Amino acid sequence: MIVGIIGAGTMGAGIAQAFAAADGYEVVLCDINREAARKGVARIGEKLDRSVARGRMEKTAADAILSSITAGDHADLSDCGLIVEAAVENMAVKKQLFADLTAVCPPDVLFATNTSSLSITELGRGLERPVVGMHFFNPAETLKLVEVIAGLHTPRAVIDRVASIARDIGKTPVEVRDSAGFVVNRILIPMINEAVCVLAEGVASAEDIDLAMRLGASHPMGPLALGDLVGLDVCLAIMEVLQSETGDDKYRPHPLLRKMVRGGLLGRKTGRGFFEYPA
């Protein structure tokens, strides 16, 4: 199967690598233009080279993965069996992408979105075909979970097909009803937001907050470091969706989180968030 990935950023590149590593899958990686897609493929190559250098992967396996990924644009997606949209977490942008893809892709192409919190029902509203959530987790090439989210009008056959594809590439699908934040982010992101609150109140340092959660709750990573990994802009966007969709103030983003995002301190992607990440 040929899979089209829209978005060559962290998540899109990881999803592309996950598909390319599985037998029987080829990937067309797209972004705002072909040059941006080529840069995404190059970053995947650099990541694979690091894995080889660290002894985590054989060079032949890395070469096989990279050879299965092609940089393209929307015009190259007509032969795909599945499109996974992994663009910016913005409802209007995603809806326009799917509307544009409808004109390019045959009716039997599956449309999936990697949104971390937006309504699948709303994303598919007004389209001539259903949309299903296929939510991977960062790093997508490593983590096993895929949330398969059914919108109000997503047919059972589409849900089953996407779950089967997830298993085929070595992932474990969990079926979720359309709801703000789905399962993992509805639980996880408010925890990160609460850790920001604890930090802002001066209860403990960022280092000690994370150390406490690692040693006291057996978390493999502290919540502030995890926020840096996810991206503080992504955490803020999810909190805003949770608050907007539920109307519940318990999902109010902490002002410090907003301040960090306004200041461009987004975590690992910018080299600094609650912690610093030397290049």
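Predicted model: local features only at pLDDT ≥ 70, side-chain atom pairs only at ≥ 80, totals over all residues.

In helix α8, which spans residues 206-216, the buried residues are A206, I209 and D210. These residues lie on the same side of α8, because the arc they cover around the axis is only 90 degrees. What lies over the buried residues of α8? The cover includes α7 (184-200) and α9 (223-230). On the face turned away from the buried side, α8 carries the exposed residues L215 and G216. After α8 comes S218, which has a positive phi, near 60 degrees.

**The sheet**

Let me turn to the strands. The model contains an open sheet of eight strands with mixed pairing, in the order β3-β2-β1-β4-β5-β6-β7-β8. Its edge strands, β3 and β8 (172-177), each pair on one side only. On average, and ignoring direction, neighbouring strands of this sheet are turned by 25 degrees against each other.

Consider strand β2, residues 26-30. Four of the five residues of β2 are buried, so that the strand is mostly covered. Strand β1 (residues 2-6) runs parallel to β2 and is joined to β2 by five bridges; here I2 stands opposite E26. Together with helix α1 (residues 10-20), β1 and β2 make a right-handed β-α-β unit. β2 is also joined to strand β3 (residues 69-72), again in parallel, by four bridges. Within that pairing, L29 has A71 as its bridge partner.

Elsewhere in the sheet, four bridges pair strand β4 (residues 82-85) with strand β5 (residues 110-113) in the parallel sense. The bridge partner of I83 in β5 is F111.

**The nonpolar cores**

Finally, the interior. In soluble globular proteins, nonpolar side chains tend to be buried together. Which residues of the largest nonpolar core touch the most other members? Among its 39 residues, they are I5, F19, I69, L82, V84 and M134. Helix α6 (residues 156-168) gives the most to this core, contributing six residues. A second, separate core has 26 residues, including L232, L242, F274 and Y277.

To close, I return to M134. Leaving aside neighbours within four places in sequence, the contacts of M134 include F19, L82 and V84, as well as A112, T113 and N114. V146, E147, V162, I165 and A166 are also in contact with M134.

Key. Residues numbered from 1 in each chain as written. Heavy atoms only, no water. Buried < 20%, exposed > 50% of the residue type's maximum accessible area, 1.4 Å probe, protein only. Helix = DSSP H or I, 4+ residues; strand = E, 2+ residues; numbered from the N terminus. Pairing = 2+ DSSP bridges. Right-handed = clockwise from strand over helix to strand, strands pointing away. Axes fitted to C-alpha atoms, helices over the stretch in contact; angles between N-to-C directions. Core = buried A, V, L, I, M, F, W, Y, C linked by side-chain atoms within 4.5 Å. Contact = heavy atoms within 4.5 Å. Arc of directions from axis to C-beta.
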